Amino acid sequence: MLLDNIGLLISNDPVHGEGRLGLRRDAALACADGRVVWIGDAGKAPEGTAGDRVDAAGRCVLPGFVDSHTHLVFAGDRAQEFAARLAGAAYAAGGIRSTVAATRAASDAALRANARRLAVEALRQGTTTLEVKSGYGLTVDDERRSLVAAEQIAHPGLPHLVTTFLGAHVVPTESADDPDGYVRLVTGPMLDACAPHAAWCDVFCEDGAFDAAQSRAVLEAGRARGLGLRVHANQLGPGPGARLAAEVGASAADHLTHLSDADIAVLAEAGVVATLLPGVEFSTRAPWAPARRLLDAGVTVALATDCNPGTSYTSSMPMVVAWACREYGLTPDEAVWAATAGGAAALALEGHGTLRPGAPADLVVLDAPTHIHLAYRPAVPLAGLVVRGGRVVYSMPGDREKEQQA
Ligand code: NIG
Ligand code: FE
């Protein structure tokens with residue numbers, strides 16, 4: 001496929017253009033076998049790179065969003081809990097247990113259908129890679145079948161899926177009297193059943209969930225099964241999560257709403273990616289995470305949706321970019337980088353989140369002339385065409401006519 005007549009290409013590769021975003025005007029991009037094979041000037045594709053020609057009609061093209069933190073496997077919703085928060089109630093981790101009850105009662109087919117629905121929703125907003133966690137099952141079998149549901153919806157026409165085991169999301173009701181017994185279940189039989197279906201191990205290190213010692217035990221058991229590590233940290237208040245992420249060499253620490261300068265220094269020193277989730281702060285009426293302090297300290301920042309029914313029921317990476325610009329004080333360049341290359345760094349996915357020869361041909365043709373429009377036109381559907389693995393997997397109704405008019 002040849003994507004020609006690109007008004008503004010964001011490659012995230014300084015070799016291919018200006019600045020960190022590698023911005024290039026009037027560009028074209030060719031792909032073959034699912035990968036980018038050539039980037040150059042509009043109208044100048046070398047012989048043999050043509051195949052299917054798609055006209056970007058002068059619009060902006062960027063790497064597909066890499067949403068590195070979601071909880072798509074669940075049943076039910078919590079609209080009433082959200083409404084109660086709007087009326088002043090505080091968010092507490094205990095709400096997770098109501099989704100656990102609904103998830104345990106749901107069939108495998110229902111879990112797959114709900115996760116697939118949300119993955120399609122994300123794709124239509126430009127997401128081409130999605131991390132998906134378990135964590136609403138909290139028994140050996142319900143955690144295993146949650147991960148299997150995520151594996152089973154994988155399809156070339158959906159975002160690329162990466163699975164994470166989150167058996168240590170909260171202590172389930174039946175183990176309330178014996179949290180350490182639950183940690184032994186997670187680090188033993190549950191991980192044995194789940195590790196074959198996951199790339200990553202996560203833990204919710206927070207008051208009301210797991211303390212530092214319990215979280216460390218979970219992460220070490222995950223590492224012993226060959227899983228990469230990530231941590232839900234410092235979401236509801238200050239705590240040990242960010243420091244623990246650094247100590248165990250996690251790829252990413254996520255949420256980070258409440259950070260001290262010392263926490264930030266430790267994350268920077270350890271090279272842990274800070275994954276910020278502004279949808280959670282919006283939905284739970286929490287303070288905004290200290291994104292600028294993280295960036296100024298040299299920490300790599302990723303942006304993700306945290307799509308889940310409790311704290312952030314959105315699959316929209318464009319909305320996340322808009323929040324990051326308006327509420328975190330990121331520039332559009334910083335926000336778009338964090339939502340693409342930043343997410344790829346958080347998931348240690350080499351080449352994803354960039355457009356350069358050899359990288360996966362996963363991209364979005366925005367129905368807008370610049371990436372600034374993601375924040376400038378919030379909540380407007382702007383994904384004109386979504387390409388994954390070199391194939392158009394979504395086109396906005398009417399988009400192909402635009403191409404013909406161009
Ligand atoms: O990432 N923080 C922990 N877990 C989820 C919330 C889950 C829920 O409330 O259902 C999160 O925000
Ligand atoms: Fe989460």
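How do the residues of the lining of the largest pocket divide into nonpolar, polar and charged? They divide into 6 nonpolar, 7 polar and 3 charged. For those classes, Ala, Val, Leu, Ile, Met, Phe, Trp, Tyr, Cys and Pro count as nonpolar, Asp, Glu, Lys and Arg as charged, and the others, Gly among them, as polar.

Before going on, the ground rules. This is a predicted model, with local features needing pLDDT of at least 70 and side-chain atom pairs counting only at pLDDT 80 or more, while totals for chains, interfaces and linings use all residues. Residues are numbered from 1 along each chain as its sequence is written, chains are lettered from A and ligands numbered from 1 in the order in which they are written, and side-chain values use heavy atoms, with hydrogens and water left out.

Back to the pocket. The largest pocket holds about 190 Å³ of space. Its lining has 16 residues, and Phe82, Ser283, Pro309, Ser312 and Tyr313 are the closest to its centre. Helix H1 (79-86) and helix H9 (278-284) are the elements that give two or more residues to that lining. Helices here are DSSP runs of H or I with at least four residues, strands are runs of E with at least two, and both are numbered from the N terminus.

A word on the method. On a 1 Å grid over the protein atoms alone, a cavity is a set of points where a 1.4 Å probe fits but cannot get out, and a pocket is an open set with protein on both sides within 12 Å along at least five of seven lines; lining residues have an atom within 4 Å of a point. Grid points are joined across faces, edges and corners, and a volume is the space filled by probe spheres set on the points.

There are 2 cavities of 30 Å³ or more. The largest cavity has a volume of about 100 Å³. Of its 14 lining residues, His71, Tyr91, His169, Asn308 and Thr311 lie nearest the centre. That lining has 4 nonpolar, 8 polar and 2 charged residues. The second largest cavity has about 40 Å³ of space, and its lining includes Pro63, Thr128, His352 and Asp362.

Now the metal. Which residues coordinate the iron ion, ligand 2? They are His69 (NE2), His71 (NE2), His232 (NE2) and Asp306 (OD), at 2.0 to 2.4 Å. Donors are N, O and S atoms within 2.8 Å of the metal (3.2 Å for Na, K and Ca), and water is not among the atoms, so sites may look incomplete. The donor spacing in sequence is H-x1-H-x160-H-x73-D. His69 and Asp306 are 237 residues apart, and the pair links distant parts of the chain. His232 lies in strand S10 (residues 228-233) and is buried, with a relative accessible area of 3%.

Last, ligand 1. It has 15 residues around it, and Arg78, Tyr91, Tyr136, Gln235 and Asp306 come nearest; the cut-off is a heavy atom within 4 Å. Oxygen atoms of ligand 1 are 2.6 Å from a side-chain N or O atom of Tyr136 and 2.7 Å from one of Asp306.

Technical notes
Polar contact = N/O pair within 3.5 Å; in protein donor to acceptor, adjacent residues only side chain to side chain. Buried < 20%, exposed > 50% of the residue type's maximum accessible area, 1.4 Å probe, protein only.
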